[in-house]
Amino acid sequence: DAVEAYAPERVKNLLAERRREAKEKQAHEEFVERVRTLQLTDEDHELRLGEVVDLAEGRATSSPLVKELGMEQTPLNAHRLLLEWNHWDETDCPWPARHNVNMSPNTLKAPP
């Protein structure tokens, strides 16, 4: 078996990539812990719950986060989680989005 040496620049890049991946993994694990303990940050609400909103509103059929939490990936479960996490409140209704209902005001004018 031959041993091949990498150029110093390649070693530097490989190590940087491993550090970046480790940092991302730790950040994700910390996020999941905040989710489990209901201690989400403003950044979590702004940047990390979109996939759950998409599932709740029917724009997606799965959510890696919902799956990681060990729950069935359904729009109803996603909606329940968003309420539990205070991302949504009782005024947020995913039904129009799930059924492609146009909620824009009607701009048609009635004939005279």
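Which residues is V52 in contact with, leaving aside its neighbours within four places in sequence? I listed S63, L65, V66, A78, L82 and W85. Contact here means heavy atoms within 4.5 Å.

Ground rules next. I am reading a predicted model, where local features need pLDDT of at least 70, side-chain atom pairs count only at pLDDT 80 or more, and totals for chains, interfaces and linings use all residues. Residues are numbered from 1 along each chain as its sequence is written, and side-chain values use heavy atoms, with hydrogens and water left out.

Buried means under 20% relative accessible area, exposed over 50%, partly exposed in between (1.4 Å probe, protein chains only). By that cut-off, 22% of the 112 residues in the protein chain are buried.

Overall shape. I found six helices and zero strands in the protein chain. Helices (H or I, at least four residues) and strands (E, at least two) are DSSP runs, numbered from the N terminus. The radius of gyration is 22 Å, well over the 13 Å of the globule rule for 112 residues, so the chain is more spread out than a compact globule. That radius is taken over C-alpha atoms, and the rule is 2.2 Å times the number of residues to the power 0.38. The C-alpha box is roughly 85 × 40 × 30 Å along the principal axes.

Charged pairs. I counted seven salt bridges, each a side-chain nitrogen of Lys or Arg within 4 Å of a carboxyl oxygen of Asp or Glu. D44 meets R34 at 2.7 Å, N to O. D44 lies in α2 (residues 42-47) and R34 in α1, so this pair ties together parts ten residues apart in sequence. D44 also forms a salt bridge with R48, at 3.8 Å between the closest N and O atoms. D44 is buried, at 0% relative accessible area, while R48 is partly exposed at 26%. I also noted D54 with R59, whose closest N and O atoms are 2.7 Å apart. R59 counts as exposed at 53%. Finally, E17, R20 and E24 are linked in a salt-bridge network.
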